Amino acid sequence: MDSINHRLVSIFLASLITSLLLFSGCIPSLPKGNASSTTAVSSTTQATASTATSTTTITTASTATSTSLSTTTISSLARKITSNAVMLSGNLRSDVDVIQTPDKKKALIASRTTFGGSYLDVIDILGEKIDKTITLSGDLRSGVDPVVTGDSSTVLVPIREYFNRQGILEVIDLSSGSKSSVPLTGDLDFDVDVVLTPDEKTALIPTRIESLTQGFLDQIDLSTNKAVKKYNLKNDLKGGVDLVVTSDGQTAVVPSTYGQGSSVDLLDLQNKVISKTLGVPGVLQLDVDPLLVEDMNLVLLPTTDPGQGYLNVIDYLSGKVLYNVNLSGTLQEYIDVRISLDGMTAYMPSHKKTQGFVDFIDLSTGKKTSTVTLSGDLQEGADLLMSSDGKTGLIPSHIGAQGYLNIIDLVNRGISSRTALSGDLEESVDVLLTKNEKTVLIPSHKNNQGYVDVIYVCSGQVRDTLALTGDLREDVDVQIMVGDNTALIPSTSRNRGYVNIIKQVSSGLALMPCTSAGKGYLDILALDSGKVILSLTLPGDIYQGVDVLLSSHVPSTPHVDEDMIIEHETVEVTTTTSSTTLTSTSTTTYTTSTSTSTTITETTYTTTSTSASTTQGPVITPRCGDGYLSHPWTPGGGDEECDPNTGPYNNWSGAKEYPCPDDLECINCKCVGCGDGRIDDGEECDAWRYRVKVGDNFLWEGETIECDGGYSCNWGNCVCVAQDSDGDGVIDGLDTCPGFDDNLDADGDGIPDACDETPIDCSSHCTGSGWLTGEYLNKDSCTSPDVGPGNCQYVCRYAYALQWSWSNMECCCQHYVIGDCPKPDMVCDCPDSQTLSEEICPALKPANPPMAP
């Protein structure tokens, strides 16, 4: 009996300890993926949404780990969720997000037409409709977002004139819809945004002139909507690299770059001058931004060379570069520097070959104090995430097609755990901490299937794996809702954008957009049960870099590098056969429907249990190789540019080959090569020489992508070659004196003679030739004075001017001879003027007058 009681007490204590550990989140709970909900139905029904703008479909997943949707479970959390789609005036642009006014009453999104026009749609969120549409004066630039002022009165939209590449800042009054168009100095660069000063009275926007490889900054007074200052930057902009402004609004720090180095312009915004320009080693990396550390008056600017990365530590008050810290590797695109809570340590990810690192840098000494080695390499745009207490860092990495989550102890400066994910990372898809910071969500994908892994932070163990309805999309992140709020998710279909307004989303639910076979979905995840409780089928597909907007959400690491998709980047999508899915519209009624999707020649049957009717129609599924050119304007949609008709789905009567234009190759149903207007593997520049239209629409859009400074594009193979227009051996991008020989520098001051206002040192030149010299004189002033005698002395003065035609400057060499008159018998007998000017002075003139070098 005593032994039984002892065993019962032991079991009770063990259960109590386990419960406490589970409550703390430090050991994994049992998998919850297969937990059933309180209400289950065998399938769903399809209905029309309450407005006429679109029809929205809901798909629900049966379990957290199953990819099949053959059994549907609808939780109580999902029942109240409603969805409505609002059609926009144009189409989406990569990484141009929907934004919300601070009062949360209006949503704003810029959209574009196929032919270089654009709009700003103002959406009434409560009424779920377009409030007003403002036609903009030009085209949108990828990643350049609108900015709304804190009082919700004004929105700033940078746009560009489509043909002449001229930037414009549209200043729009939201109440009236009226606008002022402010011309900018140059063109917009991708993901280089307009910045407001803290008092919101001034807008700062960098632009560039591509032909000059030169960057500029326009300072715009928003009370008059006029540019009050145009700053010429030292060098050119780099895509995605923004400026920073101090909290007092007095100083702006603007990085720029050229072929072999970078510089930082320090701008005094009050006096409207560039107070200092500082040079740093290395070039700027795509979308790797400077970081302002105001407590220490510092700006941290990462730069990189082919074999070496740097963290440049700049004191912006004194105008000095304090340190150039060598990193363990080079910079990865779109991954930023982070700072500790005390502002004393910087965390800088870098990589070398296929190995990733995180360097710890002491900002007071400029020393690299520690380095953490990651599992494999960094993924583009997958940033380091820090916990709110600053003790834990989380950063994804991958080895081949296997993704990992590295959990870093930032205090002890080591890896706490390395967790293998369900698949590989997707570019620029970040991790997210839950509100209590005990678990982390990290999306991954494998074989066109997306997952969200829920991982305990303290142990690194996977708690749940949730299979998504489709695959991940570049730079589209998972988010968590706080409170009963509204979510807005843009999507695109047939060159038209939509904003889907999702309401009654309960607190704690996670939202993960995904894509499958050209269709977009919003999966809603219940983290406590480890399930996808609802999958909303969107009109069209989700778009690269365009995230869900939540009215209230769990804050994550500030994402400085929002544009993870370069405008001209080739995006390849591989489509596969869809599995059987169940669909329904989110209203208040849930009944049953069955749908089977097959090949082009087969037929889909949809049966609705609420009525005895049966409808049928052909189903066209975009598949590369099926002998059908699937594009946005065809039945079934798609984004193919060619089709090789190689199967296995080409067994239908209309199948044929759709080739690419000459010199382009059909790869994954994309026309790839020099002349497609996009940067492909092995290319450094490109021009959109090959244009294919179906009807009035281009099958794909490209642009002319020139080389960076000093290089010109060989349009035959799309490779950048060095350009030396003046033949002095210095390429144009580094040429100090274009059109002249940079090697001629008579005074050795580093400025070639042809561009030097004072090409030689006149003092050295004249005195070395036996002459004296004074200050610089105009040519007409450099003449000999009279030589008349006086006071028993005479003076002979000679002047010789050397002039350089390219600068209209001259050295005025002078020589003085002072003599006493002869004094025989103590009588002053001075020479007369004729003798002095014709005999004495000419005899004393220095020989060999100096010649211009």
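**Disulfides, sheets and ring pairs**

Cys720 has a relative accessibility of 18%, so Cys720 counts as buried. The cut-off for buried is under 20%. Keep in mind that this is a predicted model.

What is Cys720 bonded to? Cys720 forms a disulfide with Cys707, and the sulfur atoms lie 2.0 Å apart. The torsion about that S-S bond is about -100°, so this disulfide is left-handed. Cys720 belongs to strand 50, residues 719-722, while Cys707 sits in the loop between strand 48 (697-698) and strand 49 (711-714), so the bond ties together parts that are 13 residues apart in sequence. Cys707 is at 9% relative accessibility and counts as buried.

How many disulfides does the structure hold? Seven. Let me take another one, Cys624 with Cys669. Their sulfur atoms are 2.1 Å apart. Here the S-S torsion is about 95°, so the disulfide is right-handed. This pair links distant parts of the chain, 45 residues apart. Cys624 is in the loop between strand 44 (614-618) and strand 45 (665-667). Cys669 is in the loop between strand 45 and strand 46 (670-672). Are these cysteines buried or exposed? Cys624 is partly exposed, at 32% relative accessible area. Cys669 is buried, at 1%.

Next, Cys660 and Cys671. A disulfide joins them, with 2.3 Å from S to S. The torsion is about -95°, so this one is left-handed. Cys660 is in the loop between strand 44 and strand 45, and Cys671 is in strand 46. They are eleven residues apart, and the pair links distant parts of the chain. Cys660 and Cys671 are both buried.

A brief word on other cysteines. Cys458 is partly exposed, with 42% relative accessible area. Cys514 is buried, at 0%.

Now the aromatic rings. How many aromatic pairs does the structure hold? Two. Take Tyr347 and Phe360. Their ring centres are 5.2 Å apart and their planes stand at 80°, so the pair is edge-to-face. The cut-off for edge-to-face is over 60 degrees. Tyr347 is in strand 24, residues 345-352, and Phe360 is in strand 25, residues 355-362. Tyr347 is buried, with a relative accessible area of 4%. Phe360 counts as buried too, at 0%.

On to Trp688 and Phe698. This aromatic pair is also edge-to-face, with 4.7 Å from centre to centre and 65° between the planes. Trp688 lies in the loop between strand 46 and strand 47 (693-694). Phe698 lies in strand 48, ten residues away. Both rings, Trp688 and Phe698, are buried.

Which charged residues lie over these faces? Arg691 lies over the face of Trp688, 4.7 Å from the ring centre. Lys693 lies over the face of Phe698, at 4.9 Å from the ring centre. So much for the rings.

Val171 has Ser180 in strand 10 as its bridge partner.

Over how many bridges do strand 29 and strand 30 pair? Strand 29, residues 402-409, pairs with strand 30 over six bridges, in the antiparallel sense. Asn406 stands opposite Arg418 in strand 30.

Back to the opening pair to finish. Cys707 and Cys720 form a left-handed disulfide. Cys720 is buried at 18% relative accessibility. Thanks.

Technical notes:
Residues are numbered from 1 along each chain as its sequence is written. This is a predicted model: local features need pLDDT of at least 70, side-chain atom pairs count only at pLDDT 80 or more; totals for chains, interfaces and linings use all residues. Side-chain values use heavy atoms; hydrogens and water are left out. Two strands pair if DSSP finds at least two bridges between them. Helices (H or I, at least four residues) and strands (E, at least two) are DSSP runs, numbered from the N terminus. A disulfide is a pair of cysteine sulfur atoms within 2.5 Å. Buried means under 20% relative accessible area, exposed over 50%, partly exposed in between (1.4 Å probe, protein chains only). Rings of Phe, Tyr and Trp (its six-membered ring) pair if their centres lie within 6.5 Å; planes under 30 degrees apart count as stacked, over 60 as edge-to-face and the rest as tilted. A charge sits over a ring if NZ of Lys or CZ of Arg is within 6 Å of the ring centre and within 35 degrees of the ring normal.
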